[in-house]
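Please read these notes next to the coordinates. They are meant as numbered comments, to be checked point by point.

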Amino acid sequence: MTTRRHVMLGTAGLLAAPVLVTTARAAPAVGSPAPAFEGTDTKGAPIRLADLRGKVVVLEWWNHQCPFVGKHYGSGNMQALQKEAAARGAVWIAVQSSAPGEQGFVSADEANALMTRKSATPAHVLIDTPGRIGTAYRASVTPHMYVIGPDGMLRYMGGIDSIASTRVEDIARATPYARNAILAVSEGRAPAETSTRPYGCVIKYAA
């Protein structure tokens, strides 16, 4: 584990446009409705979780400066998972909740350039500068992963996989929790693991 400043193992331009969370901030729970939100993505498209009903939705908390995120993007693992999810009809949303001046903060244009440079293909990127989406979901680290079913219910939350390291070679040895959940939910099955411990860089929210 790296220093406490950057890493935590959890238990569970500027902003493109205002992002609103429209549900009460009770802690998210698997089997309960996923917290609703709406906003505008980094390419100017309006996003409203309610409008995605009928589709599997994957939320990925993203911070391009985090070495744990770098492990999965640098190896191509995250990009492969994004493409696999899209092929199954899932909508992938990368959320960046870092406050201005904190690790990982980017403008909309910077986010788009970074995703292009990495050949990443999320359906949408949301810059959550106020941290409203992140706090509604209790996202604590990057990457923190969530899978929402076509019925709008939260079906998975937690780590991308089972080995909390920055080593690329650990990806092949790890249990791919997020991938397994995406595959299960897209096939109408309950994931074998529905809530796991996330690992990564602590999200620095706005005060």
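This is a predicted model: local features need pLDDT of at least 70, side-chain atom pairs count only at pLDDT 80 or more; totals for chains, interfaces and linings use all residues.

The points below cover nonpolar cores, helix packing, salt bridges, a loop and some backbone geometry.

1. The largest nonpolar core. This core has 31 residues, and the members that touch the most others are Trp-62 and Trp-92. At least two residues each come from helix 1 (67-74), helix 2, strand 6 (91-96), helix 3 (108-117), strand 7 (124-127), strand 9 (145-148), helix 5 and strand 11 (199-202). Helix 5 is the top contributor, with five residues. As background, nonpolar side chains in soluble globular proteins tend to be buried together.

2. Surroundings of Trp-62. Once neighbours within four places in sequence are set aside, Trp-62 has contacts with Val-69, Tyr-73, Ala-94, Val-95, Gln-96, Val-106, Ala-111, Leu-114, Met-115, Val-125 and Thr-142. Thr-142 returns in point 9, where its peptide bond to Pro-143 is discussed.

3. The second core. A separate core of 21 residues is also present, and its members include Val-57, Val-91, Tyr-137 and Ile-148.

4. Helix 2 against helix 5. The axes of helix 2 (residues 77-87) and helix 5 (residues 177-186) approach within 10 Å, with a crossing angle of roughly 5 degrees. Helix 2 is therefore roughly parallel to helix 5, given that angles under 35 degrees fall in that class. On the helix 2 side the contact involves Leu-81, Glu-84 and Ala-85, and on the helix 5 side Ala-178, Arg-179, Ile-182 and Leu-183. Sorted by class, the residues of this contact are five nonpolar, no polar and two charged.

5. Salt bridges. The structure has seven salt bridges in total. One of them pairs Asp-151 with Arg-155, with 2.5 Å between the closest N and O atoms. Both partners are partly exposed: Asp-151 has a relative accessible area of 34%, and Arg-155 is at 28% relative accessibility. Elsewhere, Arg-88, Glu-187 and Arg-189 are joined in a network of salt bridges.

6. Asp-170 and its two arginines. Which residues does Asp-170 pair with in salt bridges? One partner is Arg-167, with the closest N and O atoms 2.9 Å apart; another is Arg-173, where the corresponding separation is 2.5 Å. Is Asp-170 buried or exposed? Asp-170 counts as buried because its relative accessible area is 2%, and the cut-off for buried is under 20%. Arg-167 is partly exposed at 43% relative accessibility, and Arg-173 is exposed at 58%. Asp-170 sits in the loop between strand 10 and helix 5. Leaving out residues up to four places away in sequence, Asp-170 touches Lys-71, Ile-163 and Ser-165.

7. Ile-171. The loop between strand 10 (154-158) and helix 5 also holds Ile-171, which is buried at 17% relative accessibility. Not counting residues up to four places away in sequence, Ile-171 touches Lys-71, His-72, Ser-75, Asn-77 and Asp-161.

8. A cis peptide bond. Thr-142 and Pro-143 are joined by a cis peptide bond, with omega at about 0 degrees. Pro-143 is in the loop between strand 8 (141-142) and strand 9. For reference, most peptide bonds are trans.

9. Positive phi values. Which value does phi of Ser-119 take? Phi of Ser-119 is near 55 degrees, which is positive in a residue other than glycine. Ser-119 belongs to the loop between helix 3 and strand 7 and is partly exposed, at 48% relative accessibility. Arg-138 also has a positive phi, near 60 degrees. Arg-138 is placed in the loop between helix 4 (132-137) and strand 8, and at 40% relative accessibility counts as partly exposed. Most residues other than glycine have a negative phi.

Key
Residues are numbered from 1 along each chain as its sequence is written. Side-chain values use heavy atoms; hydrogens and water are left out. Axes are lines fitted to C-alpha atoms, for helices over the stretch in contact, and angles run from 0 to 180 degrees between N-to-C directions. Helices (H or I, at least four residues) and strands (E, at least two) are DSSP runs, numbered from the N terminus. Angles under 35 degrees count as roughly parallel, over 145 as roughly antiparallel, 65 to 115 as roughly perpendicular and the rest as oblique. Contact means heavy atoms within 4.5 Å. Ala, Val, Leu, Ile, Met, Phe, Trp, Tyr, Cys and Pro count as nonpolar, Asp, Glu, Lys and Arg as charged, and the others, Gly among them, as polar. A nonpolar core is a set of buried Ala, Val, Leu, Ile, Met, Phe, Trp, Tyr and Cys residues joined through side-chain atoms within 4.5 Å. Buried means under 20% relative accessible area, exposed over 50%, partly exposed in between (1.4 Å probe, protein chains only). A salt bridge is a side-chain nitrogen of Lys or Arg within 4 Å of a carboxyl oxygen of Asp or Glu.
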